[in-house]
Amino acid sequence: MSIVVTGATGHLGRLVIDGLLAARVPAGQIAAVVRDKEKAAPLAARGVELRLADYSTPESLAGVFAAGDRVLLISGNEMGQRVAQHGAVIDAARAAGVALLAYTGVLGGPDADFDLAAEHKATEQLILDSGLPYTFLRNGWYHENYTENLAPVLEHGAVVASAGDGRVASASRADYAAAAVAVLTGDGHQGKAYELSGDVAWSLAEYAAEIARQSGKDISYANVPAEQNLAILTGAGLPERFAAILVDGDAAIERGLLAGTSGDLTRLIGRPTTPLADAVAAALKG
């Protein structure tokens, strides 16, 4: 029996592997499902087993899981393809008889009505239909969604969005990884859905003020109409479909759908979530 992490070379996957090793799970009991063996070489060097597979190639998933494995299905990033991709992983997990399938979905689960949530909701339903023992890790927004792209904010002196006065209860990617580790290594999580978010919900005006405080620059929040925001994002080179999803996400923020502070994340990881100010500081240090 192993703890298996899919998408293990991604940002979240690597942090989960780090967390498992820090929790003293023997490296030989951790398996990383990856597409690129060379990219995963640092994991192999730490003693983690590599299992090569691709979400988009169902036949590659045959034999990737074994009876009794605890599996973390980290959602794919190919929007429009994810339901089929996740379905292939779920089918393989069911065929193998895994002991647990944990899935990283989105805050709100079936009640989330924004575009980004659609594929997550469909995946959760596939898992329920499969009959597999499951845990839903419904992740809210990451601090890094914002702080990893500070360059244009600092250049133009503005946080540009169309979220109005809505608030975001974000947490760090490491916080969400720690929650996954807690579920994969602990007991009593089967059949549960955790609404994971930061301890504090903040507005984009407050975010701009925090960047200004730490950088010493004049930074403001520019709330623009959705159509203008879409034009700005596509003008910056984002594909229109992805830009539209971001703008729709801002609308969800304005409606209060990403402001929930259930406390589930803090309870799972046993500590307060990482403050936004810390993420801003780390990003400014580069």
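## T274 and its polar contact

The side chain of T274 makes a polar contact with the side chain of S172, at 3.3 Å. A polar contact here is a pair of N or O atoms within 3.5 Å; within protein, one must be able to donate a hydrogen and the other to accept it, and residues adjacent in sequence count only if both atoms are side-chain atoms. Keep in mind that this is a predicted model, where local features need pLDDT of at least 70, side-chain atom pairs count only at pLDDT 80 or more, and totals for chains, interfaces and linings use all residues. Residues are numbered from 1 along each chain as its sequence is written, and side-chain values use heavy atoms, with hydrogens and water left out.

T274 sits in the loop between helix 11 (264-269) and helix 12 (276-285). Helices (H or I, at least four residues) and strands (E, at least two) are DSSP runs, numbered from the N terminus. With neighbours within four places in sequence set aside, T274 is in contact (heavy atoms within 4.5 Å) with H143, S172 and D175. How exposed is T274? It counts as partly exposed because its relative accessibility is 22%; buried means under 20% relative accessible area, exposed over 50%, and partly exposed in between (1.4 Å probe, protein chains only).

T273 is buried, since its relative accessible area is 8%. Not counting residues up to four places away in sequence, T273 touches A171, D175, S197, G198, D199, L265 and T266.

## T104 in strand 5

T104 is part of strand 5 (residues 100-106), and at 4% relative accessibility it counts as buried. Its side chain reaches the backbone nitrogen of S75 at 3.1 Å. Beyond residues up to four places away in sequence, T104 touches L12, L72, L73, I74, S75, H120, L137 and N139.

## Helix 3 against helix 4

The axes of helix 3 (residues 82-96) and helix 4 (residues 117-130) come within 9 Å and cross at roughly 20°. So helix 3 is roughly parallel to helix 4. For reference, axes are lines fitted to C-alpha atoms, for helices over the stretch in contact, and angles run from 0 to 180 degrees between N-to-C directions. Angles under 35 degrees count as roughly parallel, over 145 as roughly antiparallel, 65 to 115 as roughly perpendicular and the rest as oblique.

Helix 3 passes helix 4 in a right-handed crossing; a crossing is left-handed if the near helix is turned anticlockwise from the far one by less than a right angle, and right-handed if clockwise. On the helix 3 side the contact uses R82, V83, H86, G87, I90 and R94, and helix 4 brings E119, H120, A122, T123, L126, I127 and S130. By class, that contact splits into 5 nonpolar, 5 polar and 3 charged residues. Ala, Val, Leu, Ile, Met, Phe, Trp, Tyr, Cys and Pro count as nonpolar, Asp, Glu, Lys and Arg as charged, and the others, Gly among them, as polar.

For helix 8 (residues 204-215) and helix 12, the axes come within 10 Å and cross at roughly 50°, which means helix 8 is oblique to helix 12. The crossing is right-handed. Y207, E210, I211, Q214 and S215 of helix 8 meet L276, A277, V280, A281 and L284 of helix 12, giving 7 nonpolar, 2 polar and 1 charged residues.

Helix 9 (residues 226-235) and helix 10 (residues 240-254) have axes that come within 9 Å and cross at roughly 140°, so helix 9 is oblique to helix 10. This crossing is right-handed too. Helix 9 supplies A226, N229, L230, L233 and T234, while helix 10 supplies E240, A243, A244, L246, V247 and D250. The tally for this contact is 7 nonpolar, 2 polar and 2 charged.

L246 is in helix 10 and counts as partly exposed at 32% relative accessibility. Leaving out residues up to four places away in sequence, L246 touches L233 and L238.

R24 is found in the loop between helix 1 (11-22) and strand 2 (30-34). R24 is exposed, at 75% relative accessibility. Most residues other than glycine have a negative phi.
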